[in-house]
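Here is a short report for a first look at this protein. Keep the sequence and the model side by side as you read.

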Amino acid sequence: MSYYAGGNQVTNPYGDVAGYEAPPPDSMLTTISETLSSIPKRNVALLLAAGGTAAVAWWITRTRAPAAKAAPLHVHALTGAQGGGAQMAGWVPTEEDVERIRKRLSSSVQLTHGPEPAPGTQILLSAFPTEKQLLSVECSLQAVLIPFAGIPLRTEAAMVASGLAGKCAVHSVHHNAPMTAELAVALALSAAKQIIPADKQLRRGDWSARGIPSDGPPAPSVGMMILQGKSCLIVGLGEVGSRVAVSMQALGMNVHATRASATKPHVLRIRDAARAIDVHPPSHLRALLPSASILFLCVPGNAQTDGMIGAQELSLLPPGAVVVNVGRAGLLDEDALFRSLSPGPSGKPHLLGAGIDVWYNYPSSAKDRGNTKVSSKNAFDTLPNVVMSPHRGGAVGLPETEEARLTAICSALNTAAAKGARALPGRIQIHTRSGEIHNQSG
């Protein structure tokens, strides 16, 4: 029988008694004496009657032999463009990152790294593995761990194409949930209070947004929303949405939310919330929109959420509502959003404003960062009522963020080593275009 010791496979010469080392002959009597004194006298009598010294030696072997060490959990971190996406807003693990992770892992984790998965990989740490890479370790692969929230569409496609979507779990870390929630709230407040147009006017010395002094009744040139007593709807009550809910409650709003796992309406008490949250299944979305003064989109992009907010859904929002998107651009129909923010027949837009952090067009390389529009067909930059943020919710690159990322990765891997790969946090549902759901989480 073989077992692992210190990361090396060794052979146990004592048959199926894993790891047991027979005591030397001159210490056998001492060992027998010590063991006999530690077991009930009745058992000693039975052992002696059944076979004397040989039976006692057998009893010692069975009661004292340590269990064989289990093979360590094999984790492989993909490096290079496939590891984190050199052209994407992902995470490319460096040699330094790998070593920092290694030092925080338990001895039950074997960490390898490189541009291709190592044979025997059980957990693949990567944002953008290809179909070929997934298939190269399909016999051993138990899970893919994505080093940020959500799953990229191309990774989801690779999982489905490889046939592993129903066999191998996909998980992600939510280290940047606090930062993303903070930005969501900031975008909501900026749009609701119309801070950008008021700021622009005041920079010219124009105080019209205040409405006074005035020769008549105050007439602010820029509107704003009072949040107290109004309702907001959070689509996606996960790590980000829950934090947004707590903040909006603190500002006096009534909070409703949809959650993918909800099958019927219920109330949910979440940490730090002053009151329970009204939670609804996704199928209730349209019924909830007419009462939502602020709509937060905090769900990942996938086949089920793509285009979930279109022209009809936006029209159901009350006039003067605000939309905030920190999920993925595909959640929100681009043309419908642009029309809702543009002046209509009455001269006013249907929406008071929007705060958008995720867009329809991105720079393809570092040299394009300074000259890439957020859309190839709609001039969002001409609309004064949209707060435009260049996908900063994850706070990528800040020291606090990257430290939180490594901490979350190590915590997840140590949990998997102790309890199995299924215990990894942040399990993701993978949807096919036909509507089939894989890796469903609770």
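Asp 335 is partly exposed, with a relative accessible area of 27%. Here buried means under 20% relative accessible area, exposed means over 50%, and partly exposed lies in between (1.4 Å probe, protein chains only). Lys 377 is exposed, at 55%. The side chains of Asp 335 and Lys 377 meet in a salt bridge, 3.3 Å from N to O. A salt bridge is a side-chain nitrogen of Lys or Arg within 4 Å of a carboxyl oxygen of Asp or Glu. Asp 335 lies in helix α13 (residues 334-341), and Lys 377 in the loop between β14 (351-356) and β15 (386-388), so the pair ties together parts that are 42 residues apart in sequence.

This is a predicted model, in which local features need pLDDT of at least 70 and side-chain atom pairs count only at pLDDT 80 or more, while totals for chains, interfaces and linings use all residues. Residues are numbered from 1 along each chain as its sequence is written, and side-chain values use heavy atoms, leaving out hydrogens and water.

## Other salt bridges

The structure holds 11 salt bridges. One of them joins Arg 100 and Glu 403, at 2.6 Å from N to O. Arg 100 sits in helix α5 (residues 95-104) and Glu 403 in helix α14 (residues 399-419), so this pair links parts that are 303 residues apart in sequence. Helices (H or I, at least four residues) and strands (E, at least two) are DSSP runs, numbered from the N terminus. Arg 100 is partly exposed, at 29% relative accessibility. Glu 403 is also partly exposed, at 31%. Salt bridges that share partners join Arg 100, Arg 104 and Glu 403 into one network.

Arg 271 forms a salt bridge with Asp 272, with the closest N and O atoms 4.0 Å apart. Arg 271 is exposed, at 69% relative accessibility. Asp 272 is exposed too, at 64%.

## Helix α10

Helix α10 covers residues 239-250, which makes 12 residues.

The buried residues of α10 are Val 240, Gly 241, Ser 242, Val 244, Ala 245, Met 248 and Gln 249. They pack against α8 (177-192), β8 (231-235), β9 (254-258), β11 (277-280) and β12 (294-297).

## Strands around the helix

β8 and β9 run parallel, paired over five bridges. Two strands pair if DSSP finds at least two bridges between them. Cys 232 stands opposite Val 255 in β9. The chain goes from β8 through α10 to β9, and this β-α-β crossover is right-handed. That term means that, with the strands pointing away from the viewer, the path from the first strand over the helix to the second runs clockwise.

β9 and β11 are parallel and joined by three bridges. Ala 257 faces Val 279 in β11. Strand β10 (residues 266-268) pairs with β11 in the antiparallel sense, over three bridges. There, Val 267 has Asp 278 as its bridge partner.

## The whole protein

The secondary structure comes to 14 helices and 17 strands. Of the 442 residues, 45% count as buried.

Notes:
The expected span of a helix is 1.5 Å times one less than its number of residues. Contact means heavy atoms within 4.5 Å.
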